[in-house]
Number of protein chains: 2
Amino acid sequence: MSRPRSYNESSVLKGAMHAFRRDGYQRASIRDLEDATGLKAGSIYNSFGDKAGLFDAAFEHYNQVVLGGRIERFAPATAGLAGLRDLFTSLMHEPNGESHGCLITNSAVELGRNEDAYRHVHAGMDMLFKVFAERLAAARHDGSLRADIDPLLAAMKLLALYQGLLVLVRAGQDKPALERLVAAEFHELEAHYDI
Amino acid sequence: MSRPRSYNESSVLKGAMHAFRRDGYQRASIRDLEDATGLKAGSIYNSFGDKAGLFDAAFEHYNQVVLGGRIERFAPATAGLAGLRDLFTSLMHEPNGESHGCLITNSAVELGRNEDAYRHVHAGMDMLFKVFAERLAAARHDGSLRADIDPLLAAMKLLALYQGLLVLVRAGQDKPALERLVAAEFHELEAHYDI
DNA sequence: TCTATTCTAGAATAAGAATTCAAAAAAGAG
DNA sequence: CTCTTTTTTGAATTCTTATTCTAGAATAGA
């Protein structure tokens with residue numbers, strides 16, 4: 001019937017996401033997005049409506065694929081507190097020295113309460129908070145979490161720490177120092193039985 | 001000899017700073033900056049060279065006056081750990097429900113390693129880190145800090161938490177929850193003598 | 001008071017960005 | 001094979017933004 005789209009949606013979204021993470025919503029021009037996605041401006045408008053529409057789709061992709069995948073990979077339910085720690089440590093290990101940062105953090109700061117982005121920012125933060133809270137609650141049950149720690153309060157603290165680390169990485173702070181910080185924080189969370 | 005400037009430099013910088021905090025460097029247009037400063041574009045260019053020059057001056061002003069003043073007010077050397085806690089708590093109490101955020105956090109995220117902003121971002125973070133480290137070291141000496149805590153490591157952690165809180169405030173997270181988090185964190189830092 | 005100089009205002013300019021448009025191309029349905 | 005529908009493309013357009021220019025106003029010292 002009609003001519004089918006010739007591009008691969010997932011690779012287009014990946015490219016757009018990359019550009020938005022690196023440059024922010026405002027600075028990523030349609031020109032940049034053409035390069036990043038391999039599509040021409042016309043096709044972008046035809047497929048996504050406008051720049052905001054592409055951002056929307058790219059953010060959705062980020063939350064589901066990148067963030068979701070990261071959680072699956074580093075912090076599945078079976079990995080306990082150590083998994084959470086690995087998730088945090090991975091923030092300091094972005095490939096080839098680049099620090100694109102997190103679309104959630106970057107958008108929260110750049111766009112504030114902007115309605116469209118707000119939805120995704122909240123969804124992403126919720127996803128993180130829930131994983132933190134679940135892992136901490138489980139750790140409390142199996143005794144690996146210090147008994148005097150409130151899982152929900154600690155989950156919120158981890159969320160703040162997570163966002164803060166991303167800011168510091170983006171600002172070029174010394175990564176080894178940040179890793180020591182993460183190690184120390186998780187050491188504090190763990191139950192340690194004195195002999 | 002020559003006509004002197006008719007504006008008040010400090011109030012101009014305050015206005016510009018406000019606009020940059022609210023909207024970010026990119027989104028704050030010269031038009032917006034005219035309104036925010038009360039100057040006309042011509043005067044802005046005459047006095048500060050260009051938009052980047054005004055941003056530079058406004059950032060300098062932020063670090064010296066706003067951040068410096070905040071530290072003086074909430075966390076002078078005499079106030080100890082409680083002063084630091086108050087400084088953190090004040091982040092959740094911006095006047096009239098607005099959350100302009102911190103120019104340091106916002107610029108770190110928006111501008112990344114951009115050379116001009118980088119200088120100020122680093123200066124601001126350094127200023128915070130040094131205050132945290134000094135207060136923690138002093139608290140260690142007077143015994144109000146838990147003895148097993150490394151002041152430098154804890155200072156870095158506080159810096160991350162500080163930046164993270166600002167991201168969460170900007171994203172509209174529940175402020176009371178964030179305040180509880182701060183209270184809990186400082187409770188953890190303090191030495192508590194069991195009777 | 002006059003003059004040199006700098007400030008201010010607001011229009012003009014120029015560059016860059018987002019978005020739209022019109023024509024060419026592709027692919028399946030009949 | 002042709003027709004229809006939608007995508008693709010690249011140019012055209014419209015908007016916005018940063019920056020410059022020009023004329024007029026203000027000031028302090030000669």
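Residues are numbered from 1 along each chain as its sequence is written, while chains are lettered from A and ligands numbered from 1 in the order in which they are written. Because the model is predicted, local features need pLDDT of at least 70 and side-chain atom pairs count only at pLDDT 80 or more, whereas totals for chains, interfaces and linings use all residues.

## Chain A as a whole

Chain A has nine helices and zero strands. Here helices (H or I, at least four residues) and strands (E, at least two) are DSSP runs, numbered from the N terminus. The order of elements in chain A, starting at the N terminus, is α-α-α-α-α-α-α-α-α. Along the principal axes, the C-alpha atoms of chain A fill a box of roughly 70 × 40 × 30 Å.

Of the 195 residues in chain A, 38% are buried. A residue is buried if 20 or more other C-beta atoms lie within 10 Å of its own, exposed if 12 or fewer, and partly exposed in between, with C-beta atoms placed from the backbone. Two residues are in contact if their C-beta atoms, placed in that way, lie within 7 Å. Taking contacts in chain A between residues at least 6 apart in sequence, 63% join residues at least 24 apart.

## The nonpolar core

A nonpolar core is a set of buried Ala, Val, Leu, Ile, Met, Phe, Trp, Tyr and Cys residues joined through C-beta atoms within 7 Å. The largest one has 112 residues, and the members that touch the most others are A:Ala16, A:Leu159, A:Leu165, B:Ala16, B:Leu159 and B:Leu165. Apart from its neighbours within four places in sequence, A:Leu165 is in contact with A:Phe88, A:Leu91, A:Leu178 and B:Ala160.

## How the two chains meet

Ala, Val, Leu, Ile, Met, Phe, Trp, Tyr, Cys and Pro count as nonpolar, Asp, Glu, Lys and Arg as charged, and the others, Gly among them, as polar.

## Helix 7 of chain B

Helix 7 of chain B has 28 residues, which at 1.5 Å a residue should span 40 Å, and its end C-alpha atoms are 41 Å apart, which agrees. The expected span is 1.5 Å times one less than the number of residues. Among the buried residues of this helix are B:His120, B:Met125, B:Phe132 and B:Arg135. The buried residues of helix 7 pack against helix 4 (51-74), helix 5 (80-90), helix 6 and helix 8 of chain B. Just after helix 7, B:Gly143 takes a positive phi of about 85 degrees.

## The surface near DNA strand D

Helix 3 (41-48) of chain A, together with helix 2 (30-37) and helix 3 (41-48) of chain B, gives two or more residues per element. Helix 3 of chain A gives the most, with five residues. This surface has nine nonpolar, eight polar and seven charged residues.

A:Pro151 lies in helix 8 of chain A, A:Gly101 in the loop between helix 5 and helix 6 of chain A, and B:Asp35 in helix 2 of chain B.

| Residue | C-beta atoms within 10 Å | State |
|---|---|---|
| A:Pro151 | 19 other C-beta atoms | partly exposed |
| A:Gly101 | 23 C-beta neighbours | buried |
| B:Asp35 | 11 other C-beta atoms | exposed |

Leaving aside neighbours within four places in sequence, A:Pro151 is in contact with A:Ala133, A:Leu136, A:Ala137 and A:Arg140. On the same terms, A:Gly101 is in contact with A:Arg21, A:Asn106, A:Leu166, A:Arg170 and B:Val109.
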